[in-house]
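Here are some reading notes for you, written as a colleague might jot them down. Please keep the structure open beside them as you go.

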Amino acid sequence: MNTISKTKIQIEKIKESKLPLVNFKNLQFGKIFSDHMFMADYKNGEWQNLKILPFAPIELSPSCAALHYGQAIFEGMKAYKNNKNEIMLFRPFANAKRINSSAKRLCMPEIPEELFIDAIKQLVKIDADWVPALEGYSLYIRPFLFASEELLGVRPSEEYKFMIITCPVGAYYNEEVHVKIETEFSRASEGGVGFAKAAGNYATALYPAKLGQDQGYKQLVWTDAKEHKYIEESGTMNVMFQIGDTLVTPSTELKTILAGITRDSVLTLARELGIKVEERRVSVEEVIAAARNGQLKDAFGTGTAATLAQISSITFNNERFTLPAIETRKLSNEIGKLIQDIKRGRVADTHDWVYQF
Ligand SMILES: *Cc1c(COP(=O)(O)O)cnc(C)c1O
């Protein structure tokens with residue numbers, strides 16, 4: 001499986017690890033970073049200057065293109081340890097593909113798959129002690145690519161930086177997820193960049209999400225930008241509904257939805273468990289009708305951060321619909337556990353999803 005040749009990465013190690021200073025009982029997501037980071041430059045049409053070095057601020061020109069025109073994309077994935085202390089990644093080749101599909105849409109250079117995988121592997125190996133072995137914990141990996149040319153002219157940058165930083169993350173606390181169906185603002189539109197993991201998609205969502213949070217909604221359920229009639233995603237996660245016995249999720253066809261790796265994994269496992277799955281347009285009307293007549297058995301978001309976040313209530317036009325108690329939700333509880341078990345090497349990985357090193 002591990003047939004990737006070593007990319008020439010220069011390594012500069014930290015003098016003294018910061019690991020003993022970390023309080024693992026009180027980890028705030030994305031606040032504490034491991035000892036090292038990866039950095040590479042794209043210049044003169046090629047990737048060069050591949051380095052692993054101590055995590056530290058970097059120097060950028062104030063005219064750096066990413067700061068002005070938002071040519072910036074990222075990925076999110078996690079490393080786990082199994083009970084033999086081996087490190088495992090979940091479907092990293094899917095992240096490699098996706099960063100390149102995002103890159104293409106934002107006119108950025110592709111990152112060769114071997115470079116992407118090998119950089120992650122070497123970085124995580126150097127910081128192996130930062131991968132928590134505790135149940136529920138993992139090392140979050142954040143690869144990102146941004147335009148670094150010093151240029152205020154509007155055109156694709158000719159220089160980029162590809163970097164990877166990592167941070168240990170704790171158990172995801174299952175606070176109740178109350179969501180509101182958003183019918184004024186939108187996250188993405190047809191022809192836009194909704195399918196890409198573009199930094200700007202997150203910036204766009206902050207203001208409406210803040211308004212929702214002020215009203216007590218943990219997340220917004222995004223609807224299509226044209227009519228606000230069809231459901232797209234929930235916050236920064238893909239969204240799924242169990243209507244009767246069928247698992248229904250918005251299809252990624254119109255490219256307004258980010259094709260989550262967790263989404264694909266859940267759908268694959270659901271089909272294998274014999275559950276009827278439908279990927280298609282999902283109207284607000286049908287979800288609300290199902291909630292009214294008791295057919296809406298389950299609703300949940302999917303994504304790397306939480307894997308599966310079950311939704312407690314859905315509000316539409318100021319009317320709140322409460323979903324069945326989370327303990328009683330067979331489908332999401334079963335699939336959620338199965339994915340966790342696969343990621344942590346506790347059950348057979350029949351799909352070759354786990355990359356172990
Ligand atoms: C990252 C992301 C997801 C989830 O993707 P995973 O690969 O499952 O982590 C879903 N929606 C949006 C908008 C995202 O940025």
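1. **Ground rules.** This is a predicted model, in which local features need pLDDT of at least 70 and side-chain atom pairs count only at pLDDT 80 or more, while totals for chains, interfaces and linings use all residues. Residues are numbered from 1 along each chain as its sequence is written, and side-chain values use heavy atoms, with hydrogens and water left out.

2. **The interface in area.** How much area is buried between domain 1 and domain 2? It is about 1700 Å², and carbon and sulfur atoms give 63% of this. Buried area here is the accessible area (1.4 Å probe) that two parts lose on being put together, summed over both. On the side of domain 1, do look at F74, F90 and R98: together they supply 35% of the area that domain 1 buries against domain 2, more than any other three residues.

3. **The interface in contacts.** Contact (heavy atoms within 4.5 Å) joins 18 residues of domain 1 to 19 residues of domain 2. The rule also finds 11 residue pairs in polar contact across this interface, both residues at pLDDT 80 or more. A polar contact is a pair of N or O atoms within 3.5 Å; within protein, one must be able to donate a hydrogen and the other to accept it, and residues adjacent in sequence count only if both atoms are side-chain atoms.

4. **Who builds the domain 1 side.** Strand 4 (72–74), strand 5 (77–81), strand 6 (87–90) and helix 2 (92–105) are the elements that give two or more residues to the side of domain 1 that touches domain 2. Helices (H or I, at least four residues) and strands (E, at least two) are DSSP runs, numbered from the N terminus. Helix 2 gives the largest share of that side, 6 residues.

5. **Two positive phi values.** C107, in the loop between helix 2 and helix 3 (113–126), has a positive phi near 60 degrees without being a glycine. T307, in strand 16 (residues 307–316), is not a glycine either, and its phi is about 65 degrees. The cut-offs are under 20% relative accessible area for buried, over 50% for exposed, and partly exposed in between (1.4 Å probe, protein chains only).

6. **A buried serine.** S234 lies in strand 11 (residues 231–234) and is buried, with a relative accessible area of 0%. Beyond neighbours within four places in sequence, S234 is in contact with V179, Q219, L220, V221, V239 and I311.

7. **Salt bridges.** The structure holds 19 salt bridges, each a side-chain nitrogen of Lys or Arg within 4 Å of a carboxyl oxygen of Asp or Glu. R346 pairs with E135 at 2.7 Å between the closest N and O atoms, and these two residues are 211 residues apart in the chain. E135, K337, D341 and R346 are linked in a network of salt bridges.
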